[in-house]
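Reader: I would like a close look at the nonpolar core of this protein and at the sheet beside it in the account. Please keep to one connected description.

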Amino acid sequence: MEPLTCPRCGTEMRERSVGLATVSQCPDGHGVFLDRADLGTLVEAETDWHAGSATRTAPLPRITPDMTAPPAAAKRSRAWVETLFG
């Protein structure tokens, strides 16, 4: 099968595996292309990622004068797909 070329710049697309899907991506950042089945795979992975990310509220600690501020939490991605191309 002939490799895909970017419709915008004509550069040969690079294929890479993303989980169980195969994605063709323009090396110059002009686009990402994938088969319908691979899109379904990514949508299912995104749905699973959100299912496990429900907000959990911890009880507030008792505030005392000797307390220090906790370290800042790591920034969490808005979506699983965002972690693939960030």
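Author: Contact here means heavy atoms within 4.5 Å. In the protein chain, 32% of the contacts with a separation of 6 or more link residues 24 or more positions apart. This is a predicted model, in which local features need pLDDT of at least 70 and side-chain atom pairs count only at pLDDT 80 or more, while totals for chains, interfaces and linings use all residues. Residues are numbered from 1 along each chain as its sequence is written, and side-chain values use heavy atoms, with hydrogens and water left out.

The protein chain has two helices and three strands, in the order β-β-β-α-α from the N terminus. These are DSSP runs numbered from the N terminus: helices are H or I with at least four residues, strands E with at least two. Of the 86 residues, 16% are buried, meaning under 20% relative accessible area (1.4 Å probe, protein chains only).

A nonpolar core is a set of buried Ala, Val, Leu, Ile, Met, Phe, Trp, Tyr and Cys residues joined through side-chain atoms within 4.5 Å. The largest one consists of Val18, Ala21, Val23, Leu42, Trp80 and Leu84. Strand 2 (21–25) and helix 2 (80–85) are the elements that each give it two or more residues. Beyond its neighbours within four places in sequence, Leu42 touches Val18, Ala21, Leu34, Trp80 and Leu84.

The three strands form an open antiparallel sheet in the order 1-2-3; pairing requires at least two DSSP bridges between two strands. Strand 1 (14–18) and strand 3 (32–33) are the edges, each pairing on one side only.

Methods:
Buried means under 20% relative accessible area, exposed over 50%, partly exposed in between (1.4 Å probe, protein chains only).
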